Amino acid sequence: MRLGKIPEDVRKLIIPMPSGEMVYECLGCGAKFPIQRLYYVCPSCKSLMLLKDLKFDRLIRVGANYWHRLFDHRLMVNHQSVRGVFCYHEFIAPEIPEEDIVFLGEAHTPMVQAPDELVKEIGARMYFKLDGLNPTASFKDRGMACALTFAKYLKRVQKLNNLMTVCASTGDTSAAAALYAASLGPEVKSVVLLPKGYVTPQQLSQPLGAGATVIELPGVFDDCMKVVERLSEIYNVVLLNSKNPWRVLGQESYAYEVAQQFDYELRDMVLFVPVGNAGNITAILSGLLKFFRAKVLIRLPRIIAVQSARANPVYKYFLKPLEQRVFKPVEVTPSVAQAAMIGNPVSFPRLNRLAREYVEEMGQDSFGVVEVTEENIMESMVMANRRGLTICTQGGEALAGLRVAKASGLFKAQETAVIDSTAHALKFIDFQNAYFNGTLESEYGIVSKPELTNKLHSLELKGVKVPSLGTEMSQEEKEDFVIAAAEEIGNSLGLSPKD
Ligand SMILES: *Cc1c(COP(=O)(O)O)cnc(C)c1O
Ligand SMILES: [Zn+2]
(Lines give C-alpha, C1' and ligand atoms only; values in the text may rest on other atoms or scores of the structure.)
(Ligands and ions follow the chains in the order given, each with its own letter.)
Protein backbone atom coordinates (compact mmCIF):
# COMPACT_ATOMS: atom_id res chain seq x y z
CA MET A 1 0.00 0.00 0.00
CA ARG A 2 1.15 3.57 -0.73
CA LEU A 3 2.07 5.71 2.24
CA GLY A 4 -0.49 8.30 1.09
CA LYS A 5 -3.33 5.83 1.64
CA ILE A 6 -2.52 5.31 5.31
CA PRO A 7 -4.79 7.31 7.68
CA GLU A 8 -3.19 10.68 8.35
CA ASP A 9 -2.64 10.29 12.10
CA VAL A 10 -0.61 7.09 11.56
CA ARG A 11 1.06 8.18 8.33
CA LYS A 12 3.43 10.61 9.97
CA LEU A 13 4.66 7.86 12.32
CA ILE A 14 5.30 5.11 9.76
CA ILE A 15 8.86 6.11 8.82
CA PRO A 16 11.09 5.47 11.85
CA MET A 17 12.67 8.58 13.35
CA PRO A 18 15.52 8.50 15.87
CA SER A 19 14.19 8.79 19.40
CA GLY A 20 14.91 7.62 22.94
CA GLU A 21 18.25 7.37 24.67
CA MET A 22 19.93 3.99 24.33
CA VAL A 23 22.65 2.78 26.68
CA TYR A 24 24.45 -0.45 27.44
CA GLU A 25 23.66 -1.59 30.96
CA CYS A 26 25.96 -4.02 32.77
CA LEU A 27 24.17 -7.00 34.33
CA GLY A 28 26.83 -7.20 37.04
CA CYS A 29 27.58 -3.73 38.39
CA GLY A 30 24.79 -1.79 36.71
CA ALA A 31 27.17 0.68 35.01
CA LYS A 32 25.82 2.38 31.88
CA PHE A 33 27.69 3.20 28.68
CA PRO A 34 26.73 5.23 25.60
CA ILE A 35 26.01 3.35 22.35
CA GLN A 36 28.60 5.10 20.19
CA ARG A 37 30.92 2.15 20.80
CA LEU A 38 30.47 -1.60 20.62
CA TYR A 39 30.68 -3.42 23.96
CA TYR A 40 30.16 -7.11 24.63
CA VAL A 41 31.06 -7.09 28.30
CA CYS A 42 31.37 -4.40 30.93
CA PRO A 43 34.82 -2.75 30.79
CA SER A 44 35.02 -2.69 34.58
CA CYS A 45 33.48 -5.99 35.82
CA LYS A 46 33.39 -8.09 32.60
CA SER A 47 29.71 -9.04 32.99
CA LEU A 48 27.33 -9.27 30.03
CA MET A 49 25.42 -6.22 28.88
CA LEU A 50 21.86 -5.54 27.81
CA LEU A 51 20.76 -2.51 25.81
CA LYS A 52 18.22 -0.23 27.40
CA ASP A 53 16.27 2.85 26.43
CA LEU A 54 16.47 5.38 29.26
CA LYS A 55 13.43 7.13 27.84
CA PHE A 56 11.27 4.00 27.65
CA ASP A 57 8.51 5.70 29.63
CA ARG A 58 7.55 7.76 26.61
CA LEU A 59 6.43 4.50 24.97
CA ILE A 60 4.08 3.76 27.86
CA ARG A 61 2.34 7.10 27.76
CA VAL A 62 0.84 6.82 24.28
CA GLY A 63 -1.31 3.75 25.01
CA ALA A 64 -1.90 0.36 23.41
CA ASN A 65 -4.10 1.53 20.58
CA TYR A 66 -1.36 3.80 19.23
CA TRP A 67 1.06 0.86 18.93
CA HIS A 68 -1.47 -1.60 17.52
CA ARG A 69 -2.41 0.86 14.79
CA LEU A 70 1.18 1.78 14.02
CA PHE A 71 2.54 -1.78 13.77
CA ASP A 72 -0.43 -3.04 11.81
CA HIS A 73 -0.13 -0.18 9.30
CA ARG A 74 3.64 -0.59 8.98
CA LEU A 75 3.04 -4.13 7.79
CA MET A 76 0.81 -2.81 5.02
CA VAL A 77 3.01 -0.15 3.47
CA ASN A 78 5.59 -0.86 0.79
CA HIS A 79 8.48 0.64 2.62
CA GLN A 80 11.56 -1.55 3.06
CA SER A 81 12.91 -0.28 6.37
CA VAL A 82 9.75 -1.24 8.28
CA ARG A 83 9.20 -4.61 6.60
CA GLY A 84 11.57 -6.49 8.88
CA VAL A 85 12.44 -6.32 12.57
CA PHE A 86 12.32 -2.52 12.45
CA CYS A 87 8.56 -2.62 12.15
CA TYR A 88 9.07 -2.35 15.93
CA HIS A 89 11.81 0.29 15.69
CA GLU A 90 10.76 2.16 18.85
CA PHE A 91 11.12 -1.03 20.91
CA ILE A 92 14.26 -2.40 19.26
CA ALA A 93 16.79 0.31 18.42
CA PRO A 94 15.00 3.69 18.54
CA GLU A 95 18.15 5.77 18.35
CA ILE A 96 19.36 4.26 15.07
CA PRO A 97 18.29 6.35 12.06
CA GLU A 98 16.43 4.83 9.14
CA GLU A 99 19.37 5.26 6.73
CA ASP A 100 21.34 2.55 8.56
CA ILE A 101 18.61 -0.08 8.56
CA VAL A 102 19.63 -3.35 6.90
CA PHE A 103 16.75 -5.45 5.55
CA LEU A 104 17.17 -8.68 3.58
CA GLY A 105 13.66 -10.07 3.88
CA GLU A 106 13.81 -11.35 7.44
CA ALA A 107 11.03 -11.55 10.05
CA HIS A 108 7.22 -11.64 9.83
CA THR A 109 7.34 -15.39 9.42
CA PRO A 110 4.06 -17.30 9.22
CA MET A 111 2.13 -18.43 12.30
CA VAL A 112 0.44 -21.62 11.20
CA GLN A 113 -2.34 -23.38 13.07
CA ALA A 114 -1.63 -27.09 13.39
CA PRO A 115 -3.86 -29.27 11.20
CA ASP A 116 -6.60 -31.15 13.10
CA GLU A 117 -4.93 -34.50 12.65
CA LEU A 118 -1.74 -33.32 14.36
CA VAL A 119 -3.79 -31.75 17.17
CA LYS A 120 -5.32 -35.20 17.73
CA GLU A 121 -1.99 -36.98 17.62
CA ILE A 122 -0.26 -34.62 20.05
CA GLY A 123 -3.38 -33.97 22.13
CA ALA A 124 -2.97 -30.20 22.28
CA ARG A 125 -4.04 -27.11 20.37
CA MET A 126 -1.00 -25.51 18.80
CA TYR A 127 0.47 -23.12 16.31
CA PHE A 128 3.86 -23.29 14.63
CA LYS A 129 5.88 -20.17 14.03
CA LEU A 130 7.94 -21.04 10.98
CA ASP A 131 11.14 -19.11 11.56
CA GLY A 132 12.88 -21.34 9.06
CA LEU A 133 11.26 -19.11 6.43
CA ASN A 134 13.86 -16.40 6.93
CA PRO A 135 16.53 -15.53 4.32
CA THR A 136 19.14 -17.97 5.66
CA ALA A 137 16.42 -20.32 6.87
CA SER A 138 16.75 -19.68 10.61
CA PHE A 139 15.67 -17.13 13.22
CA LYS A 140 19.27 -15.91 13.50
CA ASP A 141 18.51 -13.45 10.68
CA ARG A 142 16.42 -11.40 13.10
CA GLY A 143 19.38 -10.73 15.35
CA MET A 144 21.81 -10.24 12.48
CA ALA A 145 19.57 -7.63 10.82
CA CYS A 146 19.90 -5.57 13.99
CA ALA A 147 23.59 -6.31 14.68
CA LEU A 148 24.60 -5.34 11.14
CA THR A 149 22.35 -2.30 11.25
CA PHE A 150 24.34 -1.22 14.28
CA ALA A 151 27.64 -2.09 12.54
CA LYS A 152 26.59 0.07 9.58
CA TYR A 153 25.69 2.92 11.95
CA LEU A 154 29.01 2.58 13.79
CA LYS A 155 30.98 2.53 10.55
CA ARG A 156 29.23 5.71 9.41
CA VAL A 157 29.43 7.74 12.61
CA GLN A 158 33.00 6.69 13.39
CA LYS A 159 34.09 7.02 9.73
CA LEU A 160 35.65 3.54 9.74
CA ASN A 161 36.99 2.29 6.41
CA ASN A 162 36.89 -1.41 7.13
CA LEU A 163 35.15 -3.74 9.51
CA MET A 164 35.79 -7.38 10.23
CA THR A 165 33.00 -9.44 11.77
CA VAL A 166 33.66 -12.74 13.57
CA CYS A 167 31.43 -15.39 15.09
CA ALA A 168 31.45 -18.92 16.42
CA SER A 169 28.53 -20.98 15.33
CA THR A 170 26.65 -24.26 15.43
CA GLY A 171 25.89 -23.40 11.79
CA ASP A 172 23.04 -20.94 11.63
CA THR A 173 24.74 -17.94 13.20
CA SER A 174 27.52 -18.19 10.63
CA ALA A 175 25.06 -18.42 7.74
CA ALA A 176 23.25 -15.30 8.92
CA ALA A 177 26.40 -13.38 9.88
CA ALA A 178 27.99 -14.06 6.49
CA LEU A 179 24.92 -13.04 4.47
CA TYR A 180 24.18 -9.83 6.35
CA ALA A 181 27.86 -8.82 6.35
CA ALA A 182 28.03 -9.54 2.62
CA SER A 183 25.15 -7.14 2.00
CA LEU A 184 27.28 -4.26 3.32
CA GLY A 185 29.87 -4.66 0.58
CA PRO A 186 33.59 -5.44 0.40
CA GLU A 187 34.54 -3.05 3.21
CA VAL A 188 32.95 -5.47 5.64
CA LYS A 189 34.78 -8.81 5.88
CA SER A 190 33.22 -11.75 7.60
CA VAL A 191 34.98 -14.62 9.38
CA VAL A 192 33.17 -17.59 10.87
CA LEU A 193 34.46 -20.37 13.15
CA LEU A 194 32.72 -23.74 13.12
CA PRO A 195 33.17 -26.94 15.15
CA LYS A 196 34.47 -29.53 12.71
CA GLY A 197 31.97 -32.32 12.08
CA TYR A 198 29.08 -30.67 13.98
CA VAL A 199 27.63 -28.51 11.24
CA THR A 200 25.38 -29.91 8.51
CA PRO A 201 26.58 -29.71 4.88
CA GLN A 202 23.68 -27.37 4.08
CA GLN A 203 24.72 -24.98 6.85
CA LEU A 204 28.38 -25.17 5.84
CA SER A 205 27.52 -24.20 2.27
CA GLN A 206 25.81 -20.99 3.40
CA PRO A 207 28.74 -18.85 4.71
CA LEU A 208 30.88 -20.21 1.85
CA GLY A 209 28.27 -19.01 -0.60
CA ALA A 210 28.15 -15.58 1.00
CA GLY A 211 31.91 -15.23 0.57
CA ALA A 212 32.95 -15.44 4.23
CA THR A 213 36.24 -16.85 5.45
CA VAL A 214 35.13 -20.15 6.97
CA ILE A 215 37.42 -21.82 9.52
CA GLU A 216 36.79 -25.24 11.04
CA LEU A 217 38.16 -25.91 14.51
CA PRO A 218 38.45 -29.14 16.46
CA GLY A 219 36.05 -29.42 19.42
CA VAL A 220 32.46 -28.37 19.90
CA PHE A 221 30.74 -24.96 19.78
CA ASP A 222 31.83 -24.04 23.31
CA ASP A 223 35.49 -24.35 22.23
CA CYS A 224 34.97 -22.16 19.14
CA MET A 225 33.23 -19.59 21.30
CA LYS A 226 36.26 -19.30 23.59
CA VAL A 227 38.51 -18.66 20.58
CA VAL A 228 36.18 -16.00 19.19
CA GLU A 229 36.00 -14.31 22.58
CA ARG A 230 39.78 -14.19 22.68
CA LEU A 231 39.89 -12.77 19.14
CA SER A 232 37.48 -10.02 20.12
CA GLU A 233 39.54 -9.20 23.20
CA ILE A 234 42.85 -8.75 21.40
CA TYR A 235 41.81 -7.55 17.93
CA ASN A 236 39.55 -4.88 16.54
CA VAL A 237 36.74 -7.08 15.29
CA VAL A 238 32.96 -7.03 15.55
CA LEU A 239 31.75 -10.08 17.46
CA LEU A 240 28.43 -11.29 16.07
CA ASN A 241 27.53 -13.95 18.61
CA SER A 242 24.60 -13.20 20.87
CA LYS A 243 27.11 -11.91 23.41
CA ASN A 244 26.71 -8.85 21.17
CA PRO A 245 23.62 -7.28 22.77
CA TRP A 246 22.39 -5.86 19.44
CA ARG A 247 21.62 -9.43 18.37
CA VAL A 248 19.30 -9.82 21.33
CA LEU A 249 17.37 -6.68 20.36
CA GLY A 250 16.70 -7.95 16.82
CA GLN A 251 15.55 -11.30 18.13
CA GLU A 252 12.97 -9.60 20.33
CA SER A 253 10.98 -9.20 17.12
CA TYR A 254 9.90 -12.84 17.48
CA ALA A 255 7.95 -11.92 20.61
CA TYR A 256 6.48 -8.80 19.00
CA GLU A 257 5.29 -10.81 16.02
CA VAL A 258 3.68 -13.48 18.18
CA ALA A 259 1.79 -10.68 19.94
CA GLN A 260 0.74 -9.07 16.67
CA GLN A 261 -0.22 -12.36 15.02
CA PHE A 262 -2.68 -13.05 17.84
CA ASP A 263 -4.06 -9.52 17.77
CA TYR A 264 -2.23 -8.67 21.00
CA GLU A 265 -4.23 -11.19 23.04
CA LEU A 266 -2.12 -14.03 24.45
CA ARG A 267 -4.45 -15.44 27.09
CA ASP A 268 -3.79 -19.17 27.74
CA MET A 269 -0.87 -19.22 25.32
CA VAL A 270 2.33 -21.12 26.08
CA LEU A 271 5.45 -20.47 24.01
CA PHE A 272 7.82 -23.44 23.59
CA VAL A 273 11.37 -22.38 22.75
CA PRO A 274 14.43 -24.59 22.14
CA VAL A 275 17.46 -23.34 24.08
CA GLY A 276 21.14 -23.54 23.14
CA ASN A 277 23.21 -20.43 23.82
CA ALA A 278 20.08 -18.88 25.42
CA GLY A 279 20.08 -15.81 23.19
CA ASN A 280 16.70 -16.50 21.64
CA ILE A 281 14.87 -17.18 24.90
CA THR A 282 16.50 -14.10 26.45
CA ALA A 283 15.24 -11.98 23.57
CA ILE A 284 11.74 -13.43 23.71
CA LEU A 285 11.43 -12.78 27.45
CA SER A 286 12.83 -9.29 27.02
CA GLY A 287 10.49 -8.43 24.15
CA LEU A 288 7.42 -9.71 25.95
CA LEU A 289 8.30 -7.76 29.09
CA LYS A 290 8.75 -4.57 27.07
CA PHE A 291 5.37 -4.98 25.35
CA PHE A 292 3.79 -5.69 28.73
CA ARG A 293 5.37 -2.66 30.38
CA ALA A 294 4.30 -0.41 27.53
CA LYS A 295 0.79 -1.96 27.80
CA VAL A 296 0.91 -3.16 24.18
CA LEU A 297 -0.03 -6.50 25.77
CA ILE A 298 -2.23 -6.71 28.83
CA ARG A 299 -1.16 -10.22 29.75
CA LEU A 300 1.85 -12.34 28.96
CA PRO A 301 1.96 -15.94 27.76
CA ARG A 302 3.71 -18.68 29.70
CA ILE A 303 7.15 -19.62 28.41
CA ILE A 304 8.60 -23.11 28.43
CA ALA A 305 12.25 -23.51 27.47
CA VAL A 306 13.22 -26.88 26.02
CA GLN A 307 16.58 -28.66 26.11
CA SER A 308 17.82 -32.06 25.01
CA ALA A 309 19.00 -34.26 27.88
CA ARG A 310 22.35 -34.25 26.04
CA ALA A 311 22.89 -30.49 26.34
CA ASN A 312 20.85 -29.45 29.36
CA PRO A 313 22.64 -26.93 31.64
CA VAL A 314 19.65 -24.58 31.72
CA TYR A 315 17.25 -27.40 32.60
CA LYS A 316 19.51 -28.58 35.42
CA TYR A 317 19.78 -25.08 36.83
CA PHE A 318 16.04 -24.36 36.97
CA LEU A 319 15.23 -27.85 38.29
CA LYS A 320 16.55 -26.82 41.71
CA PRO A 321 14.61 -24.63 44.15
CA LEU A 322 15.55 -20.96 43.87
CA GLU A 323 17.91 -20.82 46.85
CA GLN A 324 19.88 -23.91 45.74
CA ARG A 325 20.47 -22.87 42.15
CA VAL A 326 24.10 -22.75 41.01
CA PHE A 327 24.95 -22.60 37.34
CA LYS A 328 27.26 -25.35 36.09
CA PRO A 329 28.22 -25.86 32.45
CA VAL A 330 27.78 -29.42 31.14
CA GLU A 331 29.84 -31.47 28.68
CA VAL A 332 27.56 -32.02 25.70
CA THR A 333 27.15 -35.29 23.82
CA PRO A 334 25.91 -35.40 20.21
CA SER A 335 22.31 -34.28 19.76
CA VAL A 336 20.14 -34.17 16.65
CA ALA A 337 19.07 -30.71 17.89
CA GLN A 338 22.59 -29.81 16.87
CA ALA A 339 22.04 -26.04 16.70
CA ALA A 340 21.24 -26.13 20.41
CA MET A 341 24.11 -28.47 21.39
CA ILE A 342 25.71 -26.05 23.82
CA GLY A 343 26.95 -26.85 27.32
CA ASN A 344 27.92 -23.39 28.49
CA PRO A 345 25.36 -20.89 27.17
CA VAL A 346 26.87 -17.44 26.84
CA SER A 347 23.59 -15.63 27.49
CA PHE A 348 22.80 -17.59 30.65
CA PRO A 349 23.21 -14.57 33.02
CA ARG A 350 20.75 -12.60 30.88
CA LEU A 351 18.26 -15.45 30.79
CA ASN A 352 18.51 -15.80 34.55
CA ARG A 353 17.86 -12.09 35.08
CA LEU A 354 14.94 -11.93 32.66
CA ALA A 355 13.33 -15.17 33.84
CA ARG A 356 13.35 -13.69 37.35
CA GLU A 357 11.73 -10.46 36.13
CA TYR A 358 9.19 -12.50 34.18
CA VAL A 359 8.05 -14.57 37.15
CA GLU A 360 7.95 -11.43 39.28
CA GLU A 361 5.42 -9.98 36.83
CA MET A 362 3.46 -13.11 35.95
CA GLY A 363 3.91 -15.66 38.75
CA GLN A 364 6.00 -18.76 39.39
CA ASP A 365 4.46 -20.94 36.71
CA SER A 366 4.96 -18.38 33.93
CA PHE A 367 8.46 -19.68 33.16
CA GLY A 368 9.62 -23.29 33.10
CA VAL A 369 12.19 -25.59 31.51
CA VAL A 370 11.67 -29.16 30.31
CA GLU A 371 14.12 -31.78 29.12
CA VAL A 372 13.47 -34.09 26.17
CA THR A 373 15.01 -37.24 24.72
CA GLU A 374 16.66 -37.51 21.33
CA GLU A 375 14.03 -40.01 20.25
CA ASN A 376 11.20 -37.62 21.15
CA ILE A 377 12.92 -34.85 19.14
CA MET A 378 13.20 -36.93 15.96
CA GLU A 379 9.71 -38.38 16.28
CA SER A 380 8.22 -34.93 16.81
CA MET A 381 10.02 -33.50 13.79
CA VAL A 382 8.77 -36.35 11.59
CA MET A 383 5.22 -36.26 13.00
CA ALA A 384 4.92 -32.54 12.21
CA ASN A 385 6.48 -33.01 8.79
CA ARG A 386 3.93 -35.71 7.99
CA ARG A 387 1.12 -33.29 8.79
CA GLY A 388 2.28 -30.48 6.57
CA LEU A 389 4.85 -28.57 8.61
CA THR A 390 8.50 -28.23 7.65
CA ILE A 391 10.08 -28.01 11.07
CA CYS A 392 13.75 -28.58 11.90
CA THR A 393 15.18 -30.77 14.64
CA GLN A 394 15.09 -27.81 17.05
CA GLY A 395 11.44 -27.25 16.14
CA GLY A 396 11.08 -30.99 16.85
CA GLU A 397 12.73 -30.32 20.19
CA ALA A 398 10.17 -27.59 20.99
CA LEU A 399 7.30 -29.89 20.00
CA ALA A 400 8.85 -32.69 22.07
CA GLY A 401 8.82 -30.20 24.95
CA LEU A 402 5.08 -29.72 24.51
CA ARG A 403 4.55 -33.49 24.62
CA VAL A 404 6.59 -33.77 27.82
CA ALA A 405 4.83 -30.78 29.39
CA LYS A 406 1.46 -32.23 28.51
CA ALA A 407 2.29 -35.66 29.92
CA SER A 408 3.49 -34.15 33.20
CA GLY A 409 0.50 -31.81 33.60
CA LEU A 410 2.64 -28.72 33.11
CA PHE A 411 0.65 -27.88 29.97
CA LYS A 412 -3.08 -27.63 30.67
CA ALA A 413 -6.11 -28.60 28.62
CA GLN A 414 -7.36 -25.04 28.05
CA GLU A 415 -3.96 -23.84 26.83
CA THR A 416 -2.67 -23.33 23.28
CA ALA A 417 0.99 -23.91 22.43
CA VAL A 418 3.16 -21.87 20.08
CA ILE A 419 6.01 -24.02 18.79
CA ASP A 420 9.11 -22.14 17.72
CA SER A 421 10.49 -23.91 14.67
CA THR A 422 13.78 -22.05 14.66
CA ALA A 423 15.08 -23.25 11.29
CA HIS A 424 13.96 -24.90 8.09
CA ALA A 425 13.72 -28.69 7.98
CA LEU A 426 16.07 -28.86 4.99
CA LYS A 427 19.03 -27.58 7.00
CA PHE A 428 18.83 -30.68 9.20
CA ILE A 429 17.43 -33.12 6.69
CA ASP A 430 20.32 -35.58 7.01
CA PHE A 431 19.08 -36.40 10.52
CA GLN A 432 15.68 -37.27 9.07
CA ASN A 433 17.27 -39.40 6.35
CA ALA A 434 19.34 -41.19 8.98
CA TYR A 435 16.19 -41.73 11.07
CA PHE A 436 14.50 -43.33 8.08
CA ASN A 437 17.54 -45.51 7.38
CA GLY A 438 17.85 -46.54 11.01
CA THR A 439 21.42 -45.25 11.35
CA LEU A 440 20.93 -42.94 14.36
CA GLU A 441 21.09 -45.70 16.92
CA SER A 442 24.76 -45.83 17.82
CA GLU A 443 25.62 -42.12 18.21
CA TYR A 444 22.25 -40.73 19.29
CA GLY A 445 20.58 -43.74 20.86
CA ILE A 446 17.55 -43.31 18.60
CA VAL A 447 15.61 -46.38 17.51
CA SER A 448 13.43 -45.55 14.51
CA LYS A 449 9.73 -46.36 14.70
CA PRO A 450 8.78 -48.20 11.49
CA GLU A 451 5.43 -46.37 11.30
CA LEU A 452 7.27 -43.03 11.13
CA THR A 453 9.89 -43.97 8.56
CA ASN A 454 9.64 -43.75 4.82
CA LYS A 455 11.74 -45.13 2.03
CA LEU A 456 12.52 -44.67 -1.62
CA HIS A 457 10.93 -47.13 -4.06
CA SER A 458 12.86 -48.13 -7.13
CA LEU A 459 11.09 -49.54 -10.17
CA GLU A 460 12.46 -52.81 -11.55
CA LEU A 461 11.07 -53.61 -14.99
CA LYS A 462 11.68 -56.91 -16.75
CA GLY A 463 11.19 -57.70 -20.42
CA VAL A 464 11.22 -54.11 -21.75
CA LYS A 465 13.96 -51.74 -22.80
CA VAL A 466 14.32 -48.91 -20.23
CA PRO A 467 15.58 -45.35 -20.81
CA SER A 468 19.22 -44.79 -20.11
CA LEU A 469 21.32 -41.75 -21.01
CA GLY A 470 23.15 -42.17 -24.29
CA THR A 471 21.03 -45.05 -25.65
CA GLU A 472 18.56 -44.55 -28.46
CA MET A 473 15.03 -45.94 -28.08
CA SER A 474 12.48 -46.36 -30.85
CA GLN A 475 8.98 -44.88 -30.53
CA GLU A 476 7.63 -48.36 -29.92
CA GLU A 477 10.19 -49.16 -27.22
CA LYS A 478 9.32 -45.87 -25.46
CA GLU A 479 5.62 -46.71 -25.50
CA ASP A 480 6.29 -50.24 -24.20
CA PHE A 481 8.30 -48.75 -21.36
CA VAL A 482 5.52 -46.34 -20.36
CA ILE A 483 2.87 -49.09 -20.47
CA ALA A 484 4.98 -51.52 -18.45
CA ALA A 485 5.97 -48.89 -15.86
CA ALA A 486 2.39 -47.70 -15.32
CA GLU A 487 1.19 -51.29 -14.95
CA GLU A 488 3.91 -52.18 -12.48
CA ILE A 489 3.17 -49.04 -10.37
CA GLY A 490 -0.58 -49.67 -10.55
CA ASN A 491 -0.10 -53.26 -9.35
CA SER A 492 2.27 -52.31 -6.54
CA LEU A 493 -0.19 -49.63 -5.33
CA GLY A 494 -3.07 -52.13 -5.57
CA LEU A 495 -5.00 -50.00 -8.07
CA SER A 496 -7.73 -51.56 -10.19
CA PRO A 497 -8.21 -50.43 -13.78
CA LYS A 498 -11.11 -48.06 -14.65
CA ASP A 499 -14.20 -49.71 -16.20
C1 LIG B 1 20.91 -20.96 17.37
C2 LIG B 1 19.80 -21.89 17.23
C3 LIG B 1 19.08 -22.35 18.34
C4 LIG B 1 19.42 -22.00 19.73
O5 LIG B 1 19.17 -20.65 20.01
P6 LIG B 1 19.97 -19.91 21.16
O7 LIG B 1 19.69 -18.49 20.97
O8 LIG B 1 21.42 -20.25 20.91
O9 LIG B 1 19.48 -20.48 22.44
C10 LIG B 1 17.98 -23.17 18.11
N11 LIG B 1 17.64 -23.54 16.87
C12 LIG B 1 18.32 -23.13 15.79
C13 LIG B 1 17.89 -23.60 14.45
C14 LIG B 1 19.42 -22.30 15.93
O15 LIG B 1 20.09 -21.91 14.84
ZN1 LIG C 1 29.95 -4.08 35.21
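**View 1. Met 126 and its partner in strand 13.** Met 126 has Ala 417 as its bridge partner in strand 13. The two strands involved, strand 5 and strand 13 (residues 416-421), run parallel and share six bridges. Strands here are DSSP E runs of at least two residues, counted from the N terminus, and two of them pair if DSSP finds at least two bridges between them. This is a predicted model, where local features need pLDDT of at least 70, side-chain atom pairs need pLDDT 80 or more, and totals for chains, interfaces and linings take in all residues. Residues are numbered from 1 along each chain as its sequence is written, chains are lettered from A and ligands numbered from 1 in the order written, and side-chain values use heavy atoms, with hydrogens and water left out.

**View 2. Strand 5 and strand 4.** Strand 5 (residues 125-130) also pairs with strand 4 (residues 111-113), this time antiparallel, over three bridges. Look for Gln 113, whose bridge partner in strand 5 is Tyr 127.

View 3. Strand 7 (residues 188-195) is joined to strand 8 by five bridges, and Leu 194 stands opposite Glu 216 of strand 8.

**View 4. Backbone contacts to ligand 1.** The distance is 2.8 Å for Asn 277, 3.1 Å for Gly 279 and 2.7 Å for Asn 280. The protein covers 98% of the 380 Å² of accessible area that ligand 1 has on its own (Shrake-Rupley method, 1.4 Å probe).

**View 5. The shell around ligand 1.** There are 13 residues around ligand 1 (a heavy atom within 4 Å), and Lys 140, Asp 172, Asn 277, Asn 280 and Thr 422 come nearest. The shell splits into five nonpolar, six polar and two charged residues, with Gly counted as polar.

How values were computed: Polar contact = N/O pair within 3.5 Å; in protein donor to acceptor, adjacent residues only side chain to side chain. Helix = DSSP H or I, 4+ residues; strand = E, 2+ residues; numbered from the N terminus.
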